[in-house]
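Me: I have a model open here and would like to go through it piece by piece. Could you help me with that?

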Amino acid sequence: MAKKPIGIEVSLAVAEAVKLCDADVVAAYPITPQTHIVEHLSELVANGELDAAYIPVESEHSAMSSCIGSSAAGARTFTATSSQGLALMNEMIYIAPVLRTPIVLAIANRALSAPINIWNDHSDIMSVRDAGWIAVFAENGQEALDLTIMAFKIGERPDVRLPVSLNIDGFTLSHFIEPIIIPDHEEVQAFLPPNEATVKLDVANPISIGLLANPETYTEIRKATDDILLASKDKVIEVFKEFGKAFGRHYRVIETYRHEDAEIVLVTMGSISETAMTAIDEMREAGEKVGLIRIRLWRPFPVEELKAALVSAKVVAVVDRHMVMGAPNGPVCLEIKSALYDALNPPKVFNFIMGLGGRDVRRVDFKTVVERSKSLVKGGQSSFEIVGVYE
Amino acid sequence: MRSADVPYEKVTAKTFPKGLDTLASGHRACQGCGEVLALRLLLKSLGSEFIAVSATGCMEVCTSTFPQSSWRVPWLHVAFENAAAVASGVESALHVLRKKGKIPNKRIPVVAVAGDGGTADIGLQALSGALERGHRDFIYVCLDNEAYMNTGIQRSSATPFGANTTTSPSGTHSKGQHTWKKNMPAIAAAHGVPYVATASPAFHLDLMNKIRRAAAIEGPAYLHVYAPCPTGWRMKPELAVECSRLVVNSRIFPLYEVIDGHYVINRKVDNPIPVADYLKQQGRFRHLKPEDVELIQARVNLEYENLVKLAGTFPV
Ligand SMILES: Cc1ncc(C[n+]2csc(CCOP(=O)(O)OP(=O)(O)O)c2C)c(N)n1
Ligand code: SF4
Ligand SMILES: [Mg+2]
């Protein structure tokens with residue numbers, strides 16, 4: 001009999017997923033809007049429902065430092081943060097992938113200061129986009145839970161051994177109560193093998209991790225990490241397929257919506273994609289040929305999949321949720337443009353920034369994007385436009 | 001059991017550990033480096049059943065140029081200011097993995113090693129967090145060479161008054177470092193941890209026994225180790241051991257333990273040598289005038305008296 005969904009806050013569902021995965025160590029520091037995840041985890045540990053060490057560190061910098069230590073010692077490791085917390089972790093975020101320490105990091109995405117703001121956008125994750133982590137974006141609660149489970153499996157694979165960030169929009173996803181199917185512990189155990197760290201801190205087999213590299217080796221060590229990250233795309237796809245087989249919920253690195261015959265294709269990441277789909281339905285009814293591509297796997301960037309999905313469109317309208325200062329395009333648009341640059345007859349690509357610091361993203365905003373794109377085709381857009389900005 | 005009563009196997013001249021050094025030779029420390037001497041003795045005392053975590057600094061840089069490593073124990077370096085936090089993660093992981101039967105059921109000490117900069121300045125927050133959380137198999141070793149040596153002799157909060165460094169230079173308007181050395185052992189002890197101790201490589205058996213005791217006692221331990229740096233102190237390389245002796249015998253760096261809050265002076269210095277005798281070997285103090293030395297002497301007297309009072313207040 002198929003399992004029935006229960007109503008649960010998405011943050012709590014992520015914590016429940018961590019429990020189902022039998023995490024060994026959680027080291028975390030509170031910050032809105034991530035707090036509910038780690039509060040629930042400490043509760044699960046306190047109640048004996050999760051047999052893990054909960055390290056109540058004194059900062060996010062120490063949270064990620066402890067996670068690196070824990071992962072290097074062979075433990076299944078989880079943490080969560082947002083915004084300033086991720087910014088404070090920044091130095092450690094760049095170290096974890098190169099030391100090949102699998103860690104699952106849930107980011108309840110929140111705007112970066114200043115001005116201080118607790119609401120959702122993607123500026124936090126974009127500040128670490130080049131660090132070497134696998135990064136996925138969830139659209140809804142079920143996906144957040146499922147991706148948490150898959151994140152452990154992907155990151156801990158012997159042919160990956162990389163940290164994974166699970167991005168969920170702060171508040172607009174993290175704090176919503178949604179109907180979510182929570183799998184059984186046995187099902188998850190059958191899906192997720194134990195974390196077999198072969199390279200780890202072990203007195204029986206002493207190795208050194210984190211050595212100094214001079215100019216004659218630094219490039220090669222960085223490249224080795226990038227090679228593994230790029231190669232991880234196929235492993236991500238494999239795990240998505242295994243998950244589909246085991247749980248009946250199917251995931252791809254990008255999702256498409258009514259895009260086959262679309263002339264204008266929107267590109268989004270995260271929870272605004274559901275609003276975008278509703279807007280597309282309404283525009284379709286009005287005769288507009290619009291569609292959507294939602295990026296689930298942000299790193300490694302799925303170049304081939306996006307190329308294939310976008311190359312036949314006339315116009316691609318890319319939504320960024322991060323304010324790029326001093327440059328013409330947001331991070332998502334930059335990647336899309338470079339993916340399409342060498343196509344024979346590339347579509348026009350326009351860039352729209354919206355939903356900064358929690359500014360509501362409405363159906364009408366996507367309609368504005370489509371209208372603007374139609375007029376821009378006739379000529380224009382040297383740099384991004386902010387949707388709904390008061391001048 | 002009181003921490004003072006926890007048994008441990010003593011190192012003596014007769015039972016001095018034999019065999020390979022845990023820290024292999026061939027590292028790149030300067031000639032006469034007292035820091036690497038202290039580190040080598042500490043590690044040798046612990047044997048091979050522990051995990052080491054290094055902070056960025058001289059001891060990390062000189063022992064770990066890829067693809068070579070001097071470390072014969074499992075070793076992890078992540079960054080400069082977070083050795084305590086990294087070690088916390090390792091320690092917690094070992095605990096839970098042991099409890100779950102995933103690794104052999106044996107206590108493995110996790111030893112974090114950092115310089116005075118990595119401890120008293122940029123790493124103080126992470127250290128405080130780790131000490132406060134009470135990690136059971138956690139030993140933190142501060143190797144105090146009284147400045148940021150790895151980056152070229154800049155002052156730290158552990159640099160002594162009057163010392164010339166590249167960021168506390170003496171000059172017409174400066175006597176060099178114009179602040180008094182931060183009392184790190186007292187800060188560590190204020191966390192209420194079971195074991196805090198100071199040590200100096202000239203008293204090598206004392207030093208080696210202190211880390212054994214730290215490993216035997218359950219709970220975080222903090223060792224503050226004097227670590228002379230001939231390069232940064234503008235001193236002859238052959239003087240590292242001698243100055244490690246003088247610093248104790250002048251009462252500048254007393255050897256003591258704080259066990260469950262009780263202060264114990266390990267080496268009473270009844271006839272101290274004048275601090276001037278200690279200072280004069282080191283180029284970093286060369287510019288000091290007699291009145292500056294007097295000021296330092298007065299401070300040393302006061303601090304030693306305070307320590308004696310503390311030790312007197314808490315008889316073991
Ligand atoms: C965040 C950060 N800031 C600064 C540095 C540069 N840095 C590396 S080692 C070091 C000084 C180390 O001094 P100390 O901890 O006393 O160790 P020593 O080299 O003297 O043994 C500094 C400033 C760094 N690596 N990381
Ligand atoms: S600079 Fe000083 S502490 Fe560093 S290796 Fe040389 S002597 Fe040792
Ligand atoms: Mg130093």
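Me: Let's start with ligand 2: how do the residues of its shell divide into nonpolar, polar and charged?
Reply: Bearing in mind that this is a predicted model, the shell around ligand 2 divides into six nonpolar residues, two polar ones and one charged one.

Me: And which residues are around ligand 2?
Reply: In chain B they are Ala29(B), Cys30(B), Cys33(B), Glu35(B), Cys58(B), Asn145(B), Cys229(B), Pro230(B) and Thr231(B). Glu35(B) is the charged one, while Asn145(B) and Thr231(B) are the polar ones.

Me: Switching to chain A, how is that chain divided?
Reply: Chain A is divided into domain 1, covering 6-247, and domain 2, covering 255-386. The C-alpha centres of domain 1 and domain 2 of chain A lie 28 Å apart, and the contact takes 30 residues from domain 1 and 26 residues from domain 2.

Me: What about the largest nonpolar core, how many residues does it have?
Reply: The largest nonpolar core has 93 residues, and those with the most contacts inside it are Met64(A) and Ile336(A). Helix H3 of chain B, residues 83-99, gives the most to this core, with ten residues.

Me: Which residues does Met64(A) touch?
Reply: Leaving aside residues up to four places away in sequence, Met64(A) touches Thr79(A), Met89(A), Met92(A), Ile93(A), Ile103(A), Leu105(A) and Trp133(A).

Me: Now helix H1 of chain A, how many of its residues are buried?
Reply: Ten of the eleven residues of H1(A), which spans residues 10-20, are buried, so this helix is largely enclosed by the rest of the structure. H1(A) is followed by Asp22(A), whose phi is positive, near 55°.

Me: Back to chain B, which residues of strand E1 are on each side?
Reply: In E1(B), residues 51-54, Ile51(B) and Val53(B) are on one side and Ala52(B) and Ser54(B) on the other, and both faces are covered, with all four of these residues buried.

Me: Which strands does E1(B) pair with?
Reply: E1(B) pairs in the parallel sense with E3(B), residues 110-115, over four bridges, and also in the parallel sense with E2(B), residues 75-77, over three bridges. Ala52(B) stands opposite Val111(B) in E3(B) and opposite Trp75(B) in E2(B).

Note on methods. Residues numbered from 1 in each chain as written. Chains lettered and ligands numbered in written order. Predicted model: local features only at pLDDT ≥ 70, side-chain atom pairs only at ≥ 80, totals over all residues. Heavy atoms only, no water. Near = heavy atom within 4 Å. Core = buried A, V, L, I, M, F, W, Y, C linked by side-chain atoms within 4.5 Å. Buried < 20%, exposed > 50% of the residue type's maximum accessible area, 1.4 Å probe, protein only. Helix = DSSP H or I, 4+ residues; strand = E, 2+ residues; numbered from the N terminus. Contact = heavy atoms within 4.5 Å. Pairing = 2+ DSSP bridges. Domains from an automatic or database assignment.
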